[in-house]
Amino acid sequence: MASDVVTVCRFEDDVLTAVRAGCWPPRTDDDLQAHVAGCPICAEVAEVGSLLADEWEAARIEGALPHASLVWWRAELRAREDAVRDATWPVRSAHVVAVGCVVALLAALGWVGADWLLEQRAWLATFVSALPVSPAELRGASPLLVGAVGLAVACSLVIAPVALYLALARE
Ligand SMILES: [Zn+2]
């Protein structure tokens, strides 16, 4: 049992071309418009094609690309950043490892040094006696003098390692 329904029209491509070109319906010839008015296949192609063309135009406007030079500049910038990151990661990794080693070394020195310092009381007493101001003198001194001596000792304990680090870091 053969079907009598026609599913293809020879003007279908013409209608589709006009819709794709954005000419449908105002800038198409009258014969094609008259055919579409009487042909259900071409009418459906024109209707669906117009909807798809509108959607395509809206998507094109919404997803407008930036200028090519801007895209190129961003790509070059990103490539340069990636190259710098790839080139410097061994150095950054070495810094992290070095900082970890320094912290571990300082902790170990603090642990061992505290015990060693307690064992060296005689040496500590000699060191204290070599100071220009003895602790016995500080007991009777004014709070201003004690504060000044304490500040000087604290500054030397803080500034000396920083100065040593800065001097060695420039080399
Ligand atoms: Zn037709």
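Predicted model: local features only at pLDDT ≥ 70, side-chain atom pairs only at ≥ 80, totals over all residues.
Figure 1. The chain holds seven helices and zero strands, and its elements run α-α-α-α-α-α-α from the N terminus on. Of its 171 residues, 8% count as buried.

Figure 2. The zinc ion has as its protein donors Cys-9 through SG, His-35 through NE2, Cys-39 through SG and Cys-42 through SG. Along the chain, the donors follow the spacing C-x25-H-x3-C-x2-C. The arrangement is tetrahedral because the angles subtended by the four donor atoms around the zinc ion are 94 to 118 degrees, and four donors count as tetrahedral if all angles lie between 85 and 135 degrees.

**Figure 3. The largest nonpolar core.** Twelve residues form the largest nonpolar core: Cys-9, Val-15, Ala-18, Val-19, Trp-24, Leu-32, Val-36, Cys-39, Ile-41, Cys-42, Val-45 and Ala-46. At least two residues of this core come from each of α1, α2 and α3. Helix α3 supplies the largest share, four residues.

Figure 4. Which residues of α1 are buried? They are Val-15, Ala-18 and Val-19. Viewed down the axis of α1, the buried residues fall within an arc of 100 degrees, so they line one face of the helix. An α-helix has 3.6 residues a turn, so residues three or four places apart point the same way. The buried residues of α1 pack against α2 and α3. On the face turned away from the buried side, α1 carries the exposed residues Asp-13, Thr-17 and Arg-20. Ala-18 is in contact with Cys-23, Trp-24 and Thr-28, leaving aside its neighbours within four places in sequence. Just after the helix, Gly-22 takes a positive phi of about 80 degrees. Most residues other than glycine have a negative phi.

**Figure 5. Thr-28 and Pro-25 in the loop between α1 and α2.** Thr-28 lies in the loop between α1 (12–20) and α2 (30–38), and Pro-25 lies in the loop between α1 and α2 as well. Is Thr-28 buried or exposed? With a relative accessible area of 13%, Thr-28 is buried, because the term applies under 20%. The side chain of Thr-28 reaches the backbone oxygen of Pro-25 at 3.0 Å. A polar contact of 2.9 Å also joins the side chain of Thr-28 to that of Gln-33. Not counting residues up to four places away in sequence, Thr-28 touches Ala-18, Cys-23 and Gln-33. The peptide bond from Trp-24 to Pro-25 is cis, with omega near -15 degrees. Most peptide bonds are trans.

**Figure 6. Ala-43 and Leu-51 in helix α3.** Both residues shown here are placed in helix α3, namely Ala-43 and Leu-51. Ala-43 counts as partly exposed because its relative accessibility is 31%, while Leu-51 is exposed, with a relative accessible area of 53%. The boundary of the exposed class is over 50%. From C-alpha to C-alpha, Ala-43 and Glu-12 are 9.1 Å apart in space and 31 residues apart in sequence. For Leu-51 and Val-19, 32 residues apart along the chain, the C-alpha atoms are separated by 9.6 Å. Val-19 is one of the buried residues of α1.

Conventions: Residues numbered from 1 in each chain as written. Heavy atoms only, no water. Buried < 20%, exposed > 50% of the residue type's maximum accessible area, 1.4 Å probe, protein only. Polar contact = N/O pair within 3.5 Å; in protein donor to acceptor, adjacent residues only side chain to side chain. Contact = heavy atoms within 4.5 Å. Donors = N, O, S within 2.8 Å, 3.2 Å for Na, K, Ca; no water. Tetrahedral: all angles 85-135°; square planar, octahedral: opposite > 155°, others 65-115°. Core = buried A, V, L, I, M, F, W, Y, C linked by side-chain atoms within 4.5 Å. Arc of directions from axis to C-beta.
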